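Dear colleague,

Please find below the structure that I am handing over to you.

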Amino acid sequence: MYHPTTRVLTVLELLQAHRQMSGPKLAERLEVDVRSVRRYIMMLQDLGIPIEAERGRYGTYRLMRGFKMPPMMFTEDEALALTLGLLAARRLGMTMAAPAVEGALAKIDRVLPEALRERVQALQETLILDSISSESYRSAPESSVVLTLSLATQQEKRVWMRYHSGQAEETERAVDPYGLIFHAGLWYTVGYCHLRQDLRMFRLDHLRRSIASMPGTWKVEVLLEMTLEEAERQVPPTMAMLEQIQGGVVLSCYTQDLSWMAHFLVNLRCSLIVYEPVERHEAMHRLAGEIIQLAKRSEKRSTHIE
């Protein structure tokens with residue numbers, strides 16, 4: 001049995017992660033009754049934690065705005081490893097897992113940057129763990145692949161992938177992912193494949209490099225004259241696929257807003273060559289014209305002030 005202090009601290013972590021929660025919801029997450037939750041809240045208040053209680057049938061508990069515990073920092077791989085471990089503990093049905101898993105997941109959720117938090121939450125909501133066994137673990141896809149597919153599944157987005165099949169055939173295809181599965185030591189995603197016009201299952205270790213963002217109106221392919229390491233620091237893995245070639249890095253993705261993409265490319269501050277679409281050249285010219293006009297306006301204002 002868990003010591004009551006552990007459950008008290010778990011209540012604090014849940015309130016910090018969710019800002020406010022009802023008594024019944026807290027009781028459900030901790031597997032205790034509502035009376036116990038009220039007792040935990042009173043203990044926290046006695047310790048000087050500013051928790052506000054809203055009475056009534058649908059009342060909630062919430063932390064006073066501005067109250068925060070000191071943060072910890074996790075890398076993407078660390079956050080994925082911790083989340084998977086906790087989800088596995090929950091899946092195994094460990095008798096003491098409920099307060100520990102919920103408290104730890106709440107801690108992770110609270111300290112992650114917003115973008116990474118969304119991806120980890122998507123993983124929690126979409127992943128199915130089956131046949132968990134350390135002896136059967138056979139293949140590990142990149143964490144960015146797992147997180148990106150989880151987010152696409154949660155947000156009902158389409159992804160573009162370059163896939164290397166078991167028959168050594170490499171194809172590019174658009175897929176609507178429905179979920180992730182870990183089975184018999186391998187990772188899979190299941191979804192509707194627009195290339196085959198049917199439901200398909202894909203092994204994640206067969207995905208080549210990373211996953212691009214949701215296909216929109218335009219397919220974009222640009223040569224960035226920089227190293228792969230520099231490109232990976234500036235281009236989010238959920239946005240585009242990067243491929244090192246002679247002379248630079250090819251950025252491939254889809255976008256529904258050529259103007260936004262033009263701004264993004266300019267902000268990379270490197271020499272580049274736009275392969276496609278042709279309309280991207282027009283967007284770049286328009287952006288260049290806007291920048292020139294802003295510069296001229298600034299010069300006139302500066303001269304007028306002098």
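Predicted model: local features only at pLDDT ≥ 70, side-chain atom pairs only at ≥ 80, totals over all residues.

**Helices α2 and α3**

Helix α2 covers residues 23-30 and helix α3 covers residues 34-46; their axes come within 8 Å and cross at roughly 100°. Angles of 65 to 115 degrees count as roughly perpendicular, and α2 and α3 are therefore roughly perpendicular to each other. On the α2 side, the contact is made by G23, P24, L26, A27 and L30, while α3 contributes V34, V37 and Y40. Sorted by class, this contact of α2 with α3 comprises seven nonpolar residues, one polar residue and no charged residues.

The loop between α2 and α3 holds E31. The phi of E31 is near 60°, a positive value in a residue other than glycine. E31 counts as exposed because its relative accessibility is 60%, the cut-off for exposed being over 50%.

**Helix α6**

The buried residues of α6 are L116, R117, R119, V120, A122, L123 and T126.

**Aromatic pairs**

The count of aromatic pairs comes to two. Y163 counts as buried because its relative accessibility is 8%. F202 is buried as well, with a relative accessible area of 2%.

W260 and F264 also form an aromatic pair, which is stacked, with 5.6 Å from centre to centre and 15° between the planes. Both residues lie in helix α9 (residues 258-267); they are four residues apart, so about one helical turn separates W260 from F264. An α-helix has 3.6 residues a turn, so residues three or four places apart point the same way. At 45% relative accessibility W260 counts as partly exposed, whereas F264, at 14%, counts as buried.

**V222 in strand β9**

Strand β9 (residues 218-224) contains V222. With a relative accessibility of 0%, V222 counts as buried. Which residues are in contact with V222, leaving aside its neighbours within four places in sequence? They are V249, V250, L251, L265, L272, I273, V274 and Y275. For V222 and Y275, the separation is 53 residues in sequence and 5.4 Å in space, C-alpha to C-alpha.

R269 lies in the loop between α9 and β12 (272-276). Although R269 is not a glycine, it has a positive phi of about 55°. The relative accessible area of R269 is 74%, so R269 is exposed.

With kind regards

Note on methods: Residues numbered from 1 in each chain as written. Heavy atoms only, no water. Buried < 20%, exposed > 50% of the residue type's maximum accessible area, 1.4 Å probe, protein only. Helix = DSSP H or I, 4+ residues; strand = E, 2+ residues; numbered from the N terminus. Phe/Tyr/Trp six-rings, centres within 6.5 Å; stacked < 30°, edge-to-face > 60°. Axes fitted to C-alpha atoms, helices over the stretch in contact; angles between N-to-C directions. Parallel < 35°, antiparallel > 145°, perpendicular 65-115°, else oblique. Contact = heavy atoms within 4.5 Å. Nonpolar A, V, L, I, M, F, W, Y, C, P; charged D, E, K, R; others polar.
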